[in-house]
Amino acid sequence: MSKATNSSADAPAGKALQSAAVAPAGESSAGSITHYSVGRLIWRRFRRHKAGVACGLFLIGLAMCVLTAEFIGPHSIHTRQFKYVHLPPQGIHFRGEDGVHLRPFVYGIKSH
């Protein structure tokens, strides 16, 4: 007959019986078995995945851009350019007549 429960006569209070079928999560230097939470196990496995970490950093950067959009935007949220509503999209350039630029730019609007 196998024991399924932990009685106070069999083990000291606060100690759970360990099944032989369950492998320990890790051992400390003293030989006692340490148990990790599910969240900690997921985080340890996620840190080893380089593409996942890179995408996570990208998402954090994107979230920071969203949170600071009013600060980094060139216009306020109340500015409207009604005069230019029906203009086609402009091409973005890195190379102009005066050489190569580090920042993208567009040429000015020409009226006909």
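This is a predicted model: local features need pLDDT of at least 70, side-chain atom pairs count only at pLDDT 80 or more; totals for chains, interfaces and linings use all residues.
Visitor: Where do I start? What does the secondary structure of the chain come to?
Guide: Start with the elements. Here the secondary structure comes to three helices and four strands. Follow the sequence along and you get the pattern β-β-α-α-α-β-β.

Visitor: How much of the chain is made up of buried residues?
Guide: Of the 112 residues in the chain, 4% are buried. A residue counts as buried under 20% relative accessible area and as exposed over 50%, with partly exposed in between.

Visitor: Can we try that on some residues? Is Leu67 buried or exposed?
Guide: Leu67 has a relative accessible area of 69%, so it is exposed. You'll find Leu67 in helix α2, which covers residues 50-67.

Visitor: Let's turn to strands. How do β3 and β4 run, and how many bridges join them?
Guide: They run antiparallel, joined by three bridges. Strand β3 spans residues 93-96 and strand β4 spans residues 99-105. A hairpin of two residues links β3 to β4.

Visitor: Which residues stand opposite each other there?
Guide: Take two cases: His93 faces Phe105 in β4, and Gly96 stands opposite Gly99 in β4.

Visitor: And what about the side chains in a strand?
Guide: The general idea is that in a regular strand the side chains alternate between the two faces of the sheet. For a residue to look at here, pick Arg95, which lies in strand β3. Arg95 counts as exposed because its relative accessibility is 66%. Arg95 and Phe105 are ten residues apart along the chain, and 8.7 Å separates their C-alpha atoms.

Visitor: Phe105 again! How do I read a pair of aromatic rings?
Guide: You describe such a pair by the distance of the centres and the angle of the planes. This structure holds two aromatic pairs. In one of them, the rings of Phe105 and Tyr107 have centres 5.4 Å apart and planes at 85 degrees, so the pair is edge-to-face. Tyr107 itself counts as partly exposed, at 36% relative accessibility.

Visitor: What sits over the ring of Tyr36?
Guide: That would be the charged end of Arg44, 4.9 Å from the centre of the ring.

Visitor: One last stop: where is Leu87 found?
Guide: Look in the loop between α3 (69-72) and β3. With a relative accessibility of 40%, Leu87 counts as partly exposed.

Visitor: How far apart are Leu87 and Ile109 in sequence and in space?
Guide: They are 22 residues apart in sequence, and the C-alpha to C-alpha distance is 9.3 Å.

Methods: Residues are numbered from 1 along each chain as its sequence is written. Side-chain values use heavy atoms; hydrogens and water are left out. Buried means under 20% relative accessible area, exposed over 50%, partly exposed in between (1.4 Å probe, protein chains only). Two strands pair if DSSP finds at least two bridges between them. Rings of Phe, Tyr and Trp (its six-membered ring) pair if their centres lie within 6.5 Å; planes under 30 degrees apart count as stacked, over 60 as edge-to-face and the rest as tilted. A charge sits over a ring if NZ of Lys or CZ of Arg is within 6 Å of the ring centre and within 35 degrees of the ring normal.
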